[in-house]
Amino acid sequence: MPHPFSSGPGVTRRTALALGGGGLLAMALASCARGSDTLPSAPGTVTLNSDNPTWGPGYAAASAVLAKRIGYEITSRSVASVANYGQIIRMTAQTNSTTDLIKWTNGYRLQDIARADILTDLSDVWDDVTERGWVDPAQRESFSYRGKPYGVPLYKSYYAVFYSKKAFAEHDIAEPTTFDEVMDAAQKLKDAGITPFLSPGATTWEAEIWFMQLLASTDPAYYQAVTTNKASYTADQATEAMDLWSGMYADGFFSAPDVTSNDLPGLVGKGKFGMMLYGTWFANTLLAAGLTDDDIGFFRVPPRGDAEPAVIVESGSLSVPVKAHRHRAAVDVAKNWLATDVQTAWVGFLGDTSPNPHALPKSNLVKDLAKDVARVRPVELTRYWEASPTPLVEGNVQDLGAFMVNPSKANGAATLRSMENRARTEWKTWNAA
């Protein structure tokens with residue numbers, strides 16, 4: 001999905017507390033909260049606060065099914081400024097100005113507001129949806145804080161490789177099934193004058209994409225350890241992954257730093273595109289741009305050597321504030337959000353995969369990848385942006401963006417040292433809070 005927060009320095013727990021104390025921004029946010037309709041919505045509806053106004057039709061499609069199931073629909077409200085969304089939620093969720101449901105993220109960003117005691121424990125909801133087979137129980141941990149879940153998956157996206165079927169066919173490249181075959185494909189594309197990998201992110205959140213994928217492909221257990229303060233960023237696994245990334249740059253496998261994902265449809269048309277590692281949510285954008293399943297394929301990044309198969313997962317959270325006006329109804333919506341018929345309507349709009357393995361989008365582009373994941377059952381890893389405390393992740397992503405501008409082996413080692421130093425500081429702050 002388009003990133004839920006700005007690419008610059010994000011809202012931390014500490015800055016949120018500072019904002020709550022006063023100042024011009026706090027006044028502006030309070031004014032925004034007062035200016036919106038925060039009273040209970042019409043009978044038969046619950047309100048949802050979101051930072052994505054383009055999802056309105058999707059919420060409406062899912063709501064039509066929810067209304068038949070439980071008699072309640074979702075009325076979605078979007079905050080115009082994505083940059084301010086986090087601050088507004090933190091403030092209004094503690095008051096009677098809150099909506100009944102909120103869109104948030106999972107992982108440590110969810111933990112950050114869950115430990116402020118503003119969200120409802122959804123343990124009973126998870127027990128119910130798990131028993132019904134509407135969700136993989138392994139996902140529960142990334143929506144939990146101290147063993148209690150405070151949200152259900154709003155959506156689910158995988159990170160995998162888009163590729164040009166035309167380029168692969170013209171240069172006799174088969175869809176890779178091993179990591180070495182991915183590198184071989186990149187070399188063949190380069191030799192043919194085609195950019196092997198479109199790689200945006202030198203100044204955005206996207207700088208995390210290749211770093212997290214190379215760690216996941218090298219050693220998924222290490223990825224889980226380093227993102228939860230159980231391993232060092234200067235460990236051998238990180239050095240190996242960073243050296244590989246640097247080597248891929250040296251081999252000319254990546255696009256220029258100023259190329260963005262928005263350039264992809266045009267590059268496909270010009271025959272100048274080979275592959276791009278990105279979230280499955282981007283498939284709908286490509287299809288809307290006129291590309292079809294005949295133009296673009298999708299494959300999961302294979303593991304390196306004898307590493308266990310792993311895939312990066314991005315997900316959002318549907319959470320219920322403690323002060324929700326229609327609290328019981330909101331919990332009921334959360335319980336039914338993952339129902340197969342509701343999810344089928346929802347992913348029919350998104351064109352993406354679903355937390356419910358029985359709900360599949362219409363496009364074969366994403367459907368085939370979902371089937372591959374169900375068949376292989378790789379280790380599912382929380383996306384880096386949500387996998388550690390926010391100040392740590394956002395600082396490290398800025399370091400990774402700087403590395404992309406100067407991707408030398410020496411700079412890779414310096415980047416890991418900087419990330420490790422930041423980790424020591426930020427984990428200490430997180431654990432002390």
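**Reading burial and helix packing**

Trainee: At 8% relative accessibility, does Trp 205 count as buried or exposed?

Mentor: Trp 205 counts as buried because its relative accessibility is 8%, where buried means under 20% relative accessible area, exposed means over 50% and partly exposed lies in between (1.4 Å probe, protein chains only). The model is a predicted one, in which local features need pLDDT of at least 70 and side-chain atom pairs count only at pLDDT 80 or more, while totals for chains, interfaces and linings use all residues. Residues are numbered from 1 along each chain as its sequence is written, and side-chain values use heavy atoms, with hydrogens and water left out.

Trainee: Where is Trp 205 found, and how many residues separate it from Asn 336 along the chain?

Mentor: Trp 205 sits in the loop that joins strand S7 (195–197) to helix H9 (208–218), the helices (H or I, at least four residues) and strands (E, at least two) being DSSP runs numbered from the N terminus. Along the chain, Trp 205 and Asn 336 are 131 residues apart, and their C-alpha atoms are separated by 32 Å.

Trainee: Which residues does Val 161 touch, leaving out those up to four places away in sequence?

Mentor: Contact is taken as heavy atoms within 4.5 Å. Val 161 lies in strand S6 (residues 152–164) and is buried, with a relative accessible area of 1%. Not counting residues up to four places away in sequence, Val 161 touches Met 275, Met 276, Leu 277, Gly 297, Phe 298, Phe 299 and Val 301.

Trainee: How should I read two packed helices, and at what angle do the axes of H18 and H19 cross?

Mentor: Two packed helices are described by the angle between their axes and the distance between the axes. Axes are lines fitted to C-alpha atoms, for helices over the stretch in contact, and angles run from 0 to 180 degrees between N-to-C directions. For helix H18 (residues 390–405) and helix H19 (residues 409–432), the axes come within 9 Å and cross at roughly 170°. That crossing makes H18 roughly antiparallel to H19, since angles over 145 degrees count as roughly antiparallel, under 35 as roughly parallel, 65 to 115 as roughly perpendicular and the rest as oblique. On the H18 side, the residues making the contact include Pro 391, Leu 392 and Phe 403, and on the H19 side they include Met 419, Arg 422 and Trp 427. By class, the residues of this contact divide into eight nonpolar, six polar and three charged, where Ala, Val, Leu, Ile, Met, Phe, Trp, Tyr, Cys and Pro count as nonpolar, Asp, Glu, Lys and Arg as charged, and the others, Gly among them, as polar.

Trainee: Which helix passes H19 in a right-handed crossing?

Mentor: H11 passes H19 in that way, and a crossing is right-handed if the near helix is turned clockwise from the far one by less than a right angle, and left-handed if anticlockwise. The axes of helix H11 (residues 236–250) and H19 come within 9 Å and cross at roughly 145°. H11 contributes Ala 238, Thr 239, Met 242, Asp 243 and Ser 246 to the contact, and H19 contributes Lys 409, Gly 412, Thr 415 and Leu 416.

Trainee: Which residues of H19 are buried?

Mentor: The buried residues of H19 include Gly 412, Thr 415, Met 419, Glu 426 and Trp 430. Arg 424 also belongs to H19, but it counts as exposed because its relative accessibility is 57%.

Trainee: What do the buried residues of H6 pack against?

Mentor: The buried residues of H6, namely Ser 123, Val 125, Trp 126, Asp 128 and Val 129, pack against strand S5 (148–149), S6 and H14. The axes of helix H6 (residues 123–131) and helix H14 (residues 327–336) come within 9 Å and cross at roughly 30°, and the two helices are therefore roughly parallel to each other. Val 125, Asp 128 and Val 129 of H6 make this contact with Val 331, Ala 334 and Lys 335 of H14.
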